[in-house]
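Me: I'm new to this one and would like to walk through it slowly. Could you take my questions as they come?

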Amino acid sequence: MKFFHSPRSCSLGIHIILEELGIEYDLNIVNVREGEQRRPEYLAINPLGKVPTIVRDDEGVLTEFQTIAFWLSRTYPDAKLMPEDVSGQARVLELLDYIVASLHMRGATLVIRPSLFAETPEGQAEVQTAGRAALVKGLAELDGRLGDNEYLLGDTFTAADAAAFYLLSWMPGLEIDRGANLNAYFDRMLARPAVQRAVAV
């Protein structure tokens, strides 16, 4: 299996999942700052020009965070990153979508890359303000949902926690407070050996 990853991007979450699974994989670093995701050799693998990307042993290609997280979790069930029951799986997928599609794409992306949505400095400032507000509101909701739990869905680490970690790791750089529960949760996550191995890359 080949894993295409850009450190400190959202693909960090998939890297954490791979390390939690303890399986062998070929790590391929994609330097998105240098535009390597737009080079022909990478576009031949993932025409969307994004990370993460997984090339399975059967040469099948998987893209999009939620899809990869689900496939890995269900293909290697012994790690218990996805519940066996359909209701539990739905809860993990619900959180994955909320973190990736709402907090990341409709929050963090607006703050980090406002030029994608507006051309003028004034317009970009408005975009960033909207993104920051979405993040603050969304993180407050997530902080309340977490409460005193060890992980987002109780006492068990799931694929949703890997997604939450990558997003939360960006907050200090954006000068956004995670919230008391999420700060403690982030520290617990950072103590996991698999997370430490992933962030070391």
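Me: To start with, in which sense do strand E1 and strand E2 pair?

Reply: Strand E1 (residues 2–5) and strand E2 (residues 26–29) pair in the parallel sense, over 4 bridges. Helices (H or I, at least four residues) and strands (E, at least two) are DSSP runs, numbered from the N terminus, and two strands pair if DSSP finds at least two bridges between them. Before we go on, please keep in mind that this is a predicted model, in which local features need pLDDT of at least 70 and side-chain atom pairs count only at pLDDT 80 or more, while totals for chains, interfaces and linings use all residues. Residues are numbered from 1 along each chain as its sequence is written, and side-chain values use heavy atoms, with hydrogens and water left out.

Me: Which residues of E2 are the bridge partners of Phe 3 and His 5?

Reply: Phe 3 has Leu 27 in E2 as its bridge partner, and for His 5 the partner in E2 is Ile 29.

Me: What do E1, H1 and E2 make together?

Reply: Together with helix H1 (residues 11–21), strands E1 and E2 make a right-handed β-α-β unit. A crossover is called right-handed if, with the strands pointing away from the viewer, the path from the first strand over the helix to the second runs clockwise.

Me: And the sheet, what is the order of its strands?

Reply: It is an open sheet of 4 strands in the order E2-E1-E3-E4, and the pairing is mixed. E2 and strand E4 (61–63) stand at the edges with a single partner strand each, so one side of each is left without a neighbour in the sheet. From one strand to the next, the twist averages 20 degrees, where axes are lines fitted to C-alpha atoms, for helices over the stretch in contact, and angles run from 0 to 180 degrees between N-to-C directions.

Me: How many bridges join E1 to E3?

Reply: There are 3 bridges joining E1 to E3, and these two strands run antiparallel; in this pairing Lys 2 stands opposite Val 55 in E3. Strand E3 (residues 53–55) also pairs with E4 in the antiparallel sense, over 3 bridges, and there Ile 54 has Leu 62 in E4 as its bridge partner.

Me: New topic, the backbone. Which residues does a cis peptide bond join?

Reply: A cis peptide bond joins Val 51 and Pro 52, with omega at about 5 degrees, and Pro 52 lies in the loop between helix H2 (40–43) and E3. For background, most peptide bonds are trans, and most residues other than glycine have a negative phi.

Me: What is the phi of Arg 8, and where is that residue?

Reply: The phi of Arg 8 is near 70 degrees, a positive value in a residue other than glycine, and Arg 8 sits in the loop between E1 and H1. Glu 59 is not a glycine either, yet has a positive phi of about 75 degrees, and its place is in the loop between E3 and E4.

Me: Is Glu 59 buried or exposed?

Reply: Glu 59 is exposed, because its relative accessible area is 60%.

Me: Last one: how many salt bridges does a search of the whole structure find?

Reply: The search finds 9 salt bridges, a salt bridge being a side-chain nitrogen of Lys or Arg within 4 Å of a carboxyl oxygen of Asp or Glu. One of them is between Lys 50 and Glu 64, at 2.9 Å from N to O. Lys 50 lies in the loop between H2 and E3 and Glu 64 in the loop between E4 and helix H3 (65–75), so this pair ties together parts that are 14 residues apart in sequence.

Note on methods: Buried < 20%, exposed > 50% of the residue type's maximum accessible area, 1.4 Å probe, protein only.
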